[in-house]
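Have a look at the picture first, then go through the points with it open.

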Amino acid sequence: MALIATADLLASAAAENVAVLAFNVITLEHAEGIVEGAERGGVGVALQISENTVNFHGGQLAPLVSACAHIAHASPVPVAIHLDHFQDPALLEAAVSVAAPLGATSVMVDAAHLPYRDNVDRTRSFTETAHRAGLWVEAELGEIGGKDGMISAHAAGARTNPQEAAAFVEQTGVDGLAVAVGSAHAMTTRDAVLDLDLIRELAGTVSVPLVLHGSSGVDDDQLRAAVRAGIRKINVGTALNIAYTGAVRDALAADPSTTDPRKHLTAGRRAIADAVTDLCSVAATPPRVLAAGKSEK
């Protein structure tokens, strides 16, 4: 299967009424562990690289995107590369000029922190540029909490309005929409309560796939219900970091004198793979559906 376009992964999910699992990549070990876990589960996945991760790597997109592409090419399951929560105009430009030729096939332009009209204008402008480069574009409406001091999405006012969402998609031309339906970024407990009725209404009103951010805070039953209600992309980040850092701490505690990072990084990578495999049964795209995909690279 190797490297595949995000658009193909989402199209297959929509056809099967399932969801694409999209996992945040911070280090090489994250990417390796995610793909190992996906291979065990026998599903296709998206590797996501966020703006915060790019900044962590000195503002450089190419090294991590290239590594993800190499890992994808060697995998028997379909793997897409997605750029997540990009706000910086310079990085959005780099997404087209640098990352796309390396194998990234989608990007999220994050302007949900802006007033509605400004969100529309910025999103539409970038979407036109990204589409010319062949990129699938995700945007956000109804700011999802838990990130950089945002209002919590558990607050009653932090919900995406279905009619506004439909108008936003039409005005911007985006291909996928992240919606605020009760989850929040960076949750370390899985007790978020999703508004399933709102998801169903959004799915019936909005013409593009719906994306659930902050999925680490949602338990398996709620995730399955969200998929049945119409969610087609599930973003997971914090859950992997909890597994990774926990395994590294345990490995270092078991051998405090070690100086070889490969020992504890191996444990961290294995923990990520285990976490991914556990989630594969929740709502994933069967790779067999993607066998005829035309955008495979």
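1. Start with a pair of histidines: the side chains of His213 and His85 make a polar contact of 3.0 Å. A polar contact here is a pair of N or O atoms within 3.5 Å; within protein, one must be able to donate a hydrogen and the other to accept it, and residues adjacent in sequence count only if both atoms are side-chain atoms.

2. Before going on, keep in mind that this is a predicted model, where local features need pLDDT of at least 70 and side-chain atom pairs count only at pLDDT 80 or more, while totals for chains, interfaces and linings use all residues. Residues are numbered from 1 along each chain as its sequence is written, and side-chain values use heavy atoms, with hydrogens and water left out.

3. Where does His85 lie? Look in strand E3 (residues 79-86). Helices (H or I, at least four residues) and strands (E, at least two) are DSSP runs, numbered from the N terminus. His85 counts as buried because its relative accessibility is 5%; buried means under 20% relative accessible area, exposed over 50%, and partly exposed in between (1.4 Å probe, protein chains only). The side chain of His85 also has a polar contact of 2.7 Å with that of Asp110.

4. His213 sits in the loop between strand E7 (210-212) and helix H9 (220-229). With 1% relative accessibility, His213 is buried too. An unreviewed UniProt entry lists His85, His185 and His213 under "binding site"; such annotations may be inferred rather than shown by experiment, and the positions follow the numbering used here, with feature names shortened.

5. Now find strand E1 (residues 20-24), where 4 of the 5 residues are buried. E1 runs parallel to strand E8 (residues 231-236), joined by 4 bridges, and Val20 stands opposite Lys233 there. Strand E2 (residues 45-50) is also parallel to E1, again with 4 bridges; Ala22 has Ala46 as its bridge partner in E2. Strands pair if DSSP finds at least two bridges between them.

6. Last stop: helix H8 (residues 196-205). Which of its residues are buried? They are Leu196, Leu198, Ile199 and Leu202. These residues are on the same side of H8, because they cover an arc of only 155 degrees around the axis (the arc of the directions from the helix axis to the C-beta atoms). The face turned away from that buried side carries the exposed Asp197 and Gly204.
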